[in-house]
Amino acid sequence: MMQSHLLLLVTFAFFVSLVFALLTKDDAREQLRFGGMMFGGFLAAAIILGWLMLPFPF
Amino acid sequence: MPAKPQTPPPPEVGSLVLLCLAAWAIPGVGHIWQKRRTKGLIFLVALPLMFAIGLAIHGRLFPFDFSDPFVCMIAGAEFGGGLPYLIGNALGLGAGQVRAVTYEYGNTFLMTAGLLNLLVVIDAYDIAVGRK
């Protein structure tokens, strides 16, 4: 079974972005744009926060 | 004088309740019912799949334990998933393995799938009453 944290993060971000894009936008083009931005935002935030937390001793 | 555009009559309360119950029980059915088939089908696949992934990676289906408010809130979020939650409970899935490395991820998938389904129900309601 999936144990990769990154793969789980990507899967989670994909599903949440998909549902929010469909809920908030009606036009296919806008859905794709909004969903893509949200997905990218999830990944970028996770990677940046992960980097910032790297020096923490706990 | 131009005729005023006719607004459709508001749906009956009974049919609204039925719609919301169906939309909760089977994710996406509220949209399919209202002829928004593409959205409905995507919800129908995505949300139960997300729920199934949560169970597969050892997430837990929490009971409604009113002595512990946090557990109760998590159970409420998972309950939002509809039939997948009830089926998972009935089959004894979702025991959860605290020692599994993916336990917290599993819980997150289960809770989020439930909460997203509640948003989908609200969206179906908004469509039914003509707000969208």
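Start by selecting D26(A), which is exposed at 55% relative accessibility (exposed means over 50% relative accessible area, buried under 20%, and partly exposed in between, using a 1.4 Å probe and protein chains only). D26(A) sits in the loop between helix 1 (5–24) and helix 2 (28–53) of chain A. Helices here are DSSP runs of H or I with at least four residues, numbered from the N terminus.

A quick note before moving on: this is a predicted model, where local features need pLDDT of at least 70 and side-chain atom pairs count only at pLDDT 80 or more, while totals for chains, interfaces and linings use all residues. Residues are numbered from 1 along each chain as its sequence is written, chains are lettered from A and ligands numbered from 1 in the order in which they are written, and side-chain values use heavy atoms, with hydrogens and water left out.

What does K39(B) form with D26(A)? A salt bridge, with the closest N and O atoms 2.9 Å apart (a salt bridge is a side-chain nitrogen of Lys or Arg within 4 Å of a carboxyl oxygen of Asp or Glu). The pair crosses between chains, and its K39(B) end is in helix 3 (residues 37–56) of chain B. K39(B) is buried, at 10% relative accessibility.

How many salt bridges are there over all chains? The count is 3, so let's visit the others. Select K132(B) and D123(B): their side chains meet at 2.4 Å, N to O, in a salt bridge. K132(B) is partly exposed at 40%, whereas D123(B) is buried at 5%. Then pick R131(B) and D126(B), whose salt bridge spans 2.8 Å, N to O. Here R131(B) is exposed at 59% and D126(B) is buried at 17%.

Next, click on H31(B) in helix 2 (residues 29–33) of chain B. Buried or exposed? H31(B) is buried, with a relative accessible area of 1%.

Hop over to E78(B), which is in helix 4 (residues 69–79) of chain B. E78(B) is buried, at 0% relative accessibility. Among the residues E78(B) touches are F51(B), R60(B), Y85(B) and M111(B), again not counting residues up to four places away in sequence.

Now for some helix packing. Show helix 1 (residues 13–25) and helix 6 (residues 103–128) of chain B: they pack at about 150°, with axes 9 Å apart. Axes are lines fitted to C-alpha atoms, for helices over the stretch in contact, and angles run from 0 to 180 degrees between N-to-C directions. That angle makes the two helices of chain B roughly antiparallel (over 145 degrees; under 35 is roughly parallel, 65 to 115 roughly perpendicular, and the rest oblique). Look for L16(B), L19(B) and W24(B), among the residues of helix 1 that meet helix 6 of chain B, where V121(B) and Y125(B) are among the partners.

Last stop: back in chain A, the axes of helix 1 and helix 2 come within 8 Å and cross at roughly 150°. Color F14(A) and F20(A) of helix 1 and F34(A) and F42(A) of helix 2, which are among the residues making the contact.

Note on methods: Contact means heavy atoms within 4.5 Å.
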